[in-house]
Amino acid sequence: MLFENKYIQQRIEKAEKLRESGINPYSNESSRNTTIGKFLNVNSDIFQVEEKRDEKRNYTVAGRIKFFRLMGKASFLKIEDESGILQIYVSRDNLPVGFYNETFKKTVEVGDIIEVSGYPFITGKGELSLHVDGLKILTKSISPLPEKYHGIQDKELRYRQRYLDLIMNSEVRKTFHVRSRVISLTRRFFENKGFLEVETPMMHPIAGGANAKPFTTHHNALGVDRFLRIAPELYLKRCIVGGFEAVFEINRCFRNEGMDATHNPEFTSIEFYWAYKTYKDLIILTKEYFEFLFEHLDLPTVLPYGDLEIDFADFSEIPLIESLTSIGGVPADITLDKEKIIAYLKAAHIDVNEKMNLGQLQGELFDEYVEDKLINPTFITEYPVEISPLARRNDEKPHLTDRFELFIAGKEIANAFSELNDPIDQLKRFEGQMEAKESGGDDEAHEMDEDFVNALSYGMAPCAGQGIGMDRLVMMLTNEHSIRDVLLFPAMKPIKHEINLHDDSEVDEEK
């Protein structure tokens, strides 16, 4: 049951004492006039003042108490807001008569959110601090924070109780600041390029846009099943058919598949489509996009990623079939023969579905022998038609498509291609996908979308489209190795037992 822990009960009693004394422990009124970060910045000159203080300056800041050291008639506390952490000095003689002994000492503790007013000064240990002459309790925390020196060690608890993770770990907050800026900068980049942001449905009548298993829901008003969006691709291309020439959507997609370090069932990507352009134009655009991000994030182009170093300025490009040999070490004669690939994979004790076609098997070779070797940004081009149901055939090599995927640190970050706009070819591709599904060769094959084929029949301008995974990109930029660490609230299995959030050994007993 909630709130049965003895420490919580003690804090609830303190909240009641505040009410009895006429103080609302959950006030909605605040007079804060600056943030901690701004206070520290504008008062840095106090170090140069002879008295090491300026009583003529007065500031009101607010934040959560992260440290509390009581010293009889005075106390040192550290409070934190989103912009930083600040030491404050609270003295009995600078507060209303009785407030320090009867209210402050008896009811205020680590975890509470308070508002304080006062002037800047430098302590004897040389720390810029706030000398408090006014204090107000804004929010009483009834659940004790974890012990400050160890924080939250249980990763599952960090993901389930992200709010507690954010309270205790400023580095986690920094990661999500970076994520927010990446999303914002992405939107700005494409708007600056003349793209129009549009919104497409989240519930689809057909699970289309990518090869993946969908989540299914039911639309009560229409009395039909719907699929949560796998990808917005087919709707965005309908916009191109309709006459828009450059559109994008920063979207949430849902795929009812496995979870691992780089996959979450709900994820964020950007998809964009550009009329009168090819996939080669998108290679140039992608490089410009990364340059824009790094410039505005003020990041060096070489970043650590675990034991690796990624040079985001060192882009390369290589066809998929060529990469199997030059990077993966697969003998060239094997890469073009279905039976030889199957035998090669079996000899390496790799499970293989013998019903796969040649293109699918070449994709298997790539996954096994090439992908994890692609550290610096690498465009893999010329994908087989069999694994690219929506991409345009190459004019000179019709068994291949005008497509690329971008890999960084062994992970796919982007997928792009010159779009297929031939309605007859598209219909045959869909029919091939349905045959693969029915034969058991591919249970994630693309569904038939007759309305999309019908849209193409009215004529879609030649164009290119691309998707970029925002979650994986943020992982690279922040040196995080689990997608859960860049999602505020990742998907989690239901808990079958109560997590003890208030183990007595974890309680901060500083005060």
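A residue is called partly exposed when its relative accessible area lies between the buried range, under 20%, and the exposed range, over 50%. Keep that in mind as you walk through this predicted model.

**Stop one: Glu 412.** Select Glu 412, which sits in strand 17, spanning residues 411–418. Its relative accessible area is 27%, so Glu 412 is partly exposed. UniProt, in an unreviewed entry, places the feature "binding site" at Glu 412 and Glu 405. Now show what surrounds Glu 412: leaving aside neighbours within four places in sequence, it is in contact with Glu 371, Glu 405, Leu 406, Phe 407 and Arg 472.

You will find Glu 405 in strand 16, residues 403–408. Is Glu 405 buried or exposed? It counts as buried, because its relative accessibility is 8%. Beyond four places in sequence, Glu 405 is in contact with Thr 378, Phe 379, Ile 380, Tyr 383, Glu 412, Ala 414 and Asn 415.

**Stop three: Ala 409.** Move on to the loop between strand 16 and strand 17, where Ala 409 is placed. Have a look at the backbone here: phi of Ala 409 is near 50 degrees, a positive value in a residue other than glycine. With 7% relative accessibility, Ala 409 counts as buried.

**Stop four: His 349.** Finally, jump to the loop between helix 10 (338–347) and helix 11 (358–369) and select His 349. Although not a glycine, His 349 has a positive phi of about 60 degrees. At 74% relative accessibility, this histidine, His 349, counts as exposed.

Key:
Residues numbered from 1 in each chain as written. Predicted model: local features only at pLDDT ≥ 70, side-chain atom pairs only at ≥ 80, totals over all residues. Heavy atoms only, no water. UniProt positions renumbered as here; feature names shortened; annotations may be inferred. Helix = DSSP H or I, 4+ residues; strand = E, 2+ residues; numbered from the N terminus. Buried < 20%, exposed > 50% of the residue type's maximum accessible area, 1.4 Å probe, protein only. Contact = heavy atoms within 4.5 Å.
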